[in-house]
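Thanks for making the time this morning.

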Amino acid sequence: MSKVNVLAAVLALGVATAVGIQAQRNGRGSAKPVTLTAEDYIEIQQLVARYPYALNSGANNGYVMADLFTPDAIFCGRAVLYSQGRDQLAALARGRRSGPAYTVHFSTNHVIDPSPEGATGKLYLVVLDIGEDGKPSSINQGGHYDDVYVKTPNGWRFKLRNYMPSNWVPPQPCAPRPQR
Amino acid sequence: MSKGKALIAATLTVSVAAATMVMVHAQQKSKAPTLTPLDYVEIQQLVARYAYALDTGAQNGTGSVYAGLFTPDGVFVGGSSGRVAKGREQLAALARVAPGGTRGPLTVGHFIVNHVIEPSPEGAIGKQYLAYLIFGDEGQGGSINLGGHYEDIYAKTADGWRFKRREFIPSKSGPQGTQTPPPR
């Protein structure tokens with residue numbers, strides 16, 4: 001075999017190997033669809049179920065609620081449009097009526113979908129003003145949450161929670177704000 | 001045959017018969033319908049998606065997402081009038097947004113809770129409570145429009161679990177100690 005032929009063979013082998021590696025890389029995403037186990041679904045359901053208790057109780061100055069989120073997580077709402085990070089999230093659970101027996105956030109219809117980042121979800125919320133001291137009860141408000149969940153070493157956590165009251169048009173989209 | 005041999009033969013016969021009965025019973029028991037944890041989760045997800053599909057009228061008010069939650073021959077039976085919708089077209093019509101209607105992607109109303117799921121030979125059956133709430137502008141305030149419960153039959157298809165039959169039964173008091181029979 002001539003030197004030219006050997007060089008061509010080596011080049012061909014190299015190209016074939018590179019193409020093969022790239023194909024493997026490309027195939028990794030498509031060949032292995034994102035899935036969640038039954039345990040993942042249940043753990044995410046549990047995360048979401050803990051939220052009303054943490055918010056309504058205001059436990060540990062709101063930090064029980066804040067710790068359901070990742071440290072850099074974002075909450076968007078109607079009363080407070082944007083909160084990010086543990087301290088701002090804890091403040092959301094402090095600046096309202098609360099207490100260990102206070103129960104007003106009722107949520108249901110929890111849809112969970114796997115995503116490349118972990119999972120996304122949505123659920124309905126109705127806030128009930130439960131009458132105290134013989135006063136009548138009433139519906140305060142309702143809407144739905146759009147969530148992003150990520151799996152951390154401490155379990156599933158909210159990365160983003162966006163509360164959208166029914167038929168409300170938010171003045172701004174819920175997205176990370178540029179760093180100052 | 002001596003009495004001793006006859007006794008041994010009789011004992012053997014009874015033992016074989018008993019062993020056979022035990023095996024048959026065990027086989028029957030193993031054939032009892034079961035659901036995996038993922039089946040339960042997927043059926044919960046199906047029911048959760050129902051509320052969004054109906055309240056929003058997706059996709060783009062056509063009701064097609066709602067219809068897609070049913071098997072192609074799926075049936076919805078609803079309300080005190082016993083209205084029946086069968087098949088994708090009639091089902092989509094139930095969720096379709098009427099011209100000038102106010103339902104949209106952010107509308108919520110069907111609050112479904114207390115989801116019980118049981119395996120059945122056909123797949124699974126289930127039931128839930130419904131409170132249908134109507135909210136004011138921007139989700140503020142609201143009132144209870146109606147309540148009741150659903151009785152479902154689910155079937156596992158190539159595309160996942162789907163409603164084969166779903167019936168809504170409005171809340172109504174009646175004689176104590178009676179329950180509606182499971183769906184057939």
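What pattern does chain B follow when it is read along the sequence? Chain B follows α-α-α-β-β-α-β-β-β-β, which comes to four helices and six strands. Please keep in mind throughout that this is a predicted model.

Chain A, read along its sequence, follows the pattern α-α-α-β-β-α-β-β-β-β, and its secondary structure comes to four helices and six strands. Of the 180 residues in chain A, 26% are buried, and in chain B buried residues make up 27% of 184. Turning to contacts between residues at least 6 apart in sequence, 52% of those in chain A join residues at least 24 apart, while in chain B residues 24 or more positions apart account for 51% of the contacts with a separation of 6 or more.

Let me go on to the sheet of chain A. It is an open sheet of six strands with mixed pairing, and the strand order is β2-β1-β6-β5-β4-β3. The edges are taken by β2, residues 83–84, and β3 of chain A, and because each has a single partner strand, one side of each is left without a neighbour in the sheet. Further in, β5(A) and β6(A) pair in the antiparallel sense over ten bridges, and Lys151(A) stands opposite Trp156(A) in β6(A). Two helices pack on this sheet: α2(A) touches β3, β4, β5 and β6 of chain A, with its direction at about 145° to that of β3(A), whereas α4, residues 86–94 of chain A, touches β1 and β2 of chain A, with its direction at about 55° to that of β1(A).

Is Asp113(A) buried or exposed? Asp113(A) counts as exposed, because there are 12 other C-beta atoms within 10 Å, and 12 or fewer is the cut-off for that class. Leaving aside its neighbours within four places in sequence, Asp113(A) is in contact with Ala119(A) and Thr120(A). Its C-alpha atom is separated by 15 Å from that of Leu160(A), which lies 47 residues away along the chain.

The helix α2 deserves a longer look in both chains. In chain A, the 20 residues of α2(A) should span 28 Å at 1.5 Å a residue, and the end C-alpha atoms are 29 Å apart, so the two values agree. In chain B, α2 covers residues 37–56 and reaches 29 Å from its first C-alpha to its last, close to the 28 Å expected. The buried residues of α2(A) include Tyr41(A), Ile44(A), Val48(A) and Tyr51(A), and those of α2(B) include Val41(B), Ile43(B), Gln44(B) and Asp55(B). Just after α2(A) comes Gly58(A), with a positive phi of about 65°, and α2(B) is followed by Gly57(B), whose phi is positive and near 70°.

In chain B, β3, residues 110–120, and β4, residues 123–134, pair in the antiparallel sense over nine bridges, and a hairpin joins β3(B) to β4(B) through two residues. Within that pair, Phe111(B) stands opposite Ala131(B) in β4(B). Eleven bridges then join β4(B) to β5(B), residues 143–157, and these strands run antiparallel, with Ile134(B) opposite Ser143(B) in β5(B).

Finally, how many residues does each chain bring to the contact between them? Chain A gives 19 residues and chain B gives 23 residues. On the side of chain A that touches chain B, α2, β3, β4, β5 and β6 of chain A each supply at least two residues, and that side divides into ten nonpolar, nine polar and no charged residues.

The largest nonpolar core has 62 residues, and among those that touch the most other members are Ile44(A), Tyr124(A), Ala53(B) and Leu91(B). The element that gives the most to this core is α2(B), with nine residues. Tyr124(A), leaving aside its neighbours within four places in sequence, is in contact with residues of chain A, including Ser107(A) and His144(A), and with Ala51(B), Val108(B) and Phe111(B). As a general remark, nonpolar side chains tend to be buried together in soluble globular proteins.

Note on methods: Residues are numbered from 1 along each chain as its sequence is written. Chains are lettered from A and ligands numbered from 1 in the order in which they are written. This is a predicted model: local features need pLDDT of at least 70, side-chain atom pairs count only at pLDDT 80 or more; totals for chains, interfaces and linings use all residues. Two residues are in contact if their C-beta atoms, placed from the backbone, lie within 7 Å. Ala, Val, Leu, Ile, Met, Phe, Trp, Tyr, Cys and Pro count as nonpolar, Asp, Glu, Lys and Arg as charged, and the others, Gly among them, as polar. The expected span of a helix is 1.5 Å times one less than its number of residues. A residue is buried if 20 or more other C-beta atoms lie within 10 Å of its own, exposed if 12 or fewer, and partly exposed in between; C-beta atoms are placed from the backbone. Two strands pair if DSSP finds at least two bridges between them. Axes are lines fitted to C-alpha atoms, for helices over the stretch in contact, and angles run from 0 to 180 degrees between N-to-C directions. A nonpolar core is a set of buried Ala, Val, Leu, Ile, Met, Phe, Trp, Tyr and Cys residues joined through C-beta atoms within 7 Å.
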